[in-house]
Amino acid sequence: MPPLPAQAWTLTEGFWLSVTGMLIVFSALVLVSLFISWLPRGLAWVNEVFPEAPDHHHHPPPSRKAGEGIDEELVVAIAAALNSRRRN
Amino acid sequence: MDILTDFLTTTGFYQLFSADGVLNLIMIAIGITFISLAIRKHYEPLLLVPIGMGMIVGNIPYVESMTLGVYDDYWSEDGVLMDEEGMPNASVLSFIYFGVKYGLFPPLIFLGIGAMTDFSTMLSNPKLVLLGAAAQIGVFLTLLGALAIGFGIEESAAIGIIGGADGPTAIFLSARLAPHLLGAIAISAYSYMALVPVIQPPIMKLLTSREERLIRMPPPREVSKREKMIFPVAAFLICAMIAPGALTLLGMLFFGNLLKESLVTDRLAETARHALIDIVTILLGFAVGASTQAKTFLTTDSLKIFALGALSFSIATGGGLLFAKFMNLFLREKINPLVGAAGVSAVPDSARVVQMVGQEEDPHNHLLMHAMAPNVAGVIGSAIAAGVLWGVLVK
């Protein structure tokens with residue numbers, strides 16, 4: 001890249017550059033801060049207006065009561081093994 | 001015999017007796033010092049080892065016609081880098097330095113930083129973002145200080161950005177505005193980032209009372225995945241539209257963060273925060289070290305830059321602290337003003353310093369997560385500050 005042409009700035013011009021720079025940095029981050037503050041409410045509004053449709057294609061596994069659907073033969077085998085250990 | 005004599009005149013030992021020979025030896029000694037500080041004291045080892053080794057390599061004296069150094073690229077009048085036989089008329093080190101000179105490496109490092117940064121503490125307490133903005137006063141007051149002592153405006157802006165406490169940003173801006181000061185600015189920035197635990201605590205204790213240091217802040221709220229996904233795109237749009245000069249750095253930072261938070265690009269995020277950032281750090285550190293040649297580095301300007309660098313960190317620390325105290329005048333739920341010092345974007349060291357100083361007063365006061373908010377906001381703030389200076393001075 002070609003070198004920049006040297007610019008002669010006075011201290012006063014530098015002062016106004018600094019003030020402007022700080023204002024711009026602050027403005028940008030204030031806007032970011034305001035956006036972040038608003039974001040949870042905005043997302044809540046979107047969820048209200050466009051609720052997520054139930055997923056018809058995905059079938060969650062049916063809820064089971066305790067003990068349902070467990071392999072009974074395996075349970076019997078484990079219980080027998082535990083009992084024989086206790087006797088020994 | 002002539003061949004041997006000719007060869008002997010090309011050796012580094014012979015060249016040491018040239019005008020800059022002693023200065024080269026001093027730079028080599030500084031490089032060795034950096035390496036030993038990194039290994040023995042663990043001062044920023046990931047940077048000081050490549051920089052130190054680069055300094056040693058870049059300061060071995062040689063005959064100029066051998067085309068070995070970072071500055072040895074010879075462009076023809078037609079803008080061609082090839083010689084008559086089609087061979088590149090540039091050294092290997094100059095090709096590596098290309099990434100520094102043309103601002104390629106710093107944005108790639110920001111990509112990796114974005115992929116490893118968690119903005120959730122900032123999202124959970126948005127007002128702490130303002131402390132990251134306040135700390136950028138260090139950039140602009142240092143710019144004024146540099147202008148007052150005789151540096152040109154481009155040089156002053158490049159020196160001022162040291163106050164952003166962000167190595168890649170400092171290198172990115174100074175490579176464009178003041179490439180002849182790049183070495184001193186980079187060394188100054190990284191050295192003071194390593195010295196944050198030494199510079200900040202006295203200022204923090206001076207500017208806050210014991211009651212203020214004891215303030216406890218409520219735990220941060222939980223942030224949803226959606227907020228974390230939307231934030232990088234929205235924040236980039238806001239900041240880049242205001243300061244387009246920052247779009248390269250902020251674009252890569254928020255791109256990396258989106259790779260992390262989208263949850264569908266884990267492989268890319270992993271690469272960005274590990275392999276990519278490590279490769280670029282090696283090349284960047286080495287090239288910056290090799291660019292610190294004695295003629296350009298051992299000058300009174302470098303001493304002034306080191307002094308201004310210390311000033312910029314101190315002002316940035318004070319700026320964040322004092323703004324937190326100012327905010328407390330209007331807030332019902334007070335901020336612990338120590339957290340303001342973390343607006344100096346040396347992530348995560350300044351947040352750790354806040355935690356440490358807070359726990360000296362109250363061992364059960366955990367300020368680290370709160371301090372991370374201004375810490376990461378400071379990264380954004382320093383990139384915006386660099387973007388403003390770029391926008392005004394690069395024409």
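**Exercise 1. The interface**

How many salt bridges does the rule find across the interface of chain B and chain A? Work out the size and make-up of the contact as well.

*Solution.* This is a predicted model: local features need pLDDT of at least 70, side-chain atom pairs count only at pLDDT 80 or more, and totals for chains, interfaces and linings use all residues. Side-chain values use heavy atoms, without hydrogens and water.

Step 1. Apply the salt-bridge rule (a side-chain nitrogen of Lys or Arg within 4 Å of a carboxyl oxygen of Asp or Glu). Across the interface of chain B and chain A it finds zero.

Step 2. Look for polar contacts (a pair of N or O atoms within 3.5 Å; within protein, one must be able to donate a hydrogen and the other to accept it, and residues adjacent in sequence count only if both atoms are side-chain atoms). Three residue pairs across the interface qualify, both residues at pLDDT 80 or more.

Step 3. List the elements. Helices are DSSP runs (H or I, at least four residues), numbered from the N terminus. On the side of chain B that touches chain A, the elements giving two or more residues include α9 (137–148), α11 (167–177) and α21 (368–393) of chain B. α21(B) gives the most, with nine residues.

Step 4. Sort that side by residue class (Ala, Val, Leu, Ile, Met, Phe, Trp, Tyr, Cys and Pro are nonpolar; Asp, Glu, Lys and Arg charged; the others, Gly among them, polar). The side of chain B divides into 32 nonpolar, four polar and eight charged residues.

Step 5. Count the residues in contact (heavy atoms within 4.5 Å). Chain B supplies 44 and chain A 33.

Step 6. Take the buried area (accessible area, 1.4 Å probe, that two parts lose on being put together, summed over both). The two chains bury about 3400 Å², with 80% of it on carbon and sulfur atoms. In chain B, F140(B), R176(B) and R226(B) lose the most area to chain A, together 16% of what that side buries.

**Exercise 2. Links and backbone**

Which residue forms a salt bridge with E212(B)? Then check the backbone at P348(B) and H42(B).

*Solution.* Step 1. The partner is K325(B), with the closest N and O atoms 3.3 Å apart. K325(B) lies in helix α19 and E212(B) in helix α14 of chain B, so the pair ties together parts that are 113 residues apart in sequence.

Step 1. Most residues other than glycine have a negative phi, and most peptide bonds are trans.

Step 2. V347(B) and P348(B) are joined by a cis peptide bond, omega about -5 degrees. P348(B) sits in the loop between α19 and α20 of chain B.

Step 3. H42(B) is not a glycine, yet its phi is positive, about 60 degrees. H42(B) is in the loop between α3 and α4 of chain B.

Terms used
Residues are numbered from 1 along each chain as its sequence is written. Chains are lettered from A and ligands numbered from 1 in the order in which they are written.
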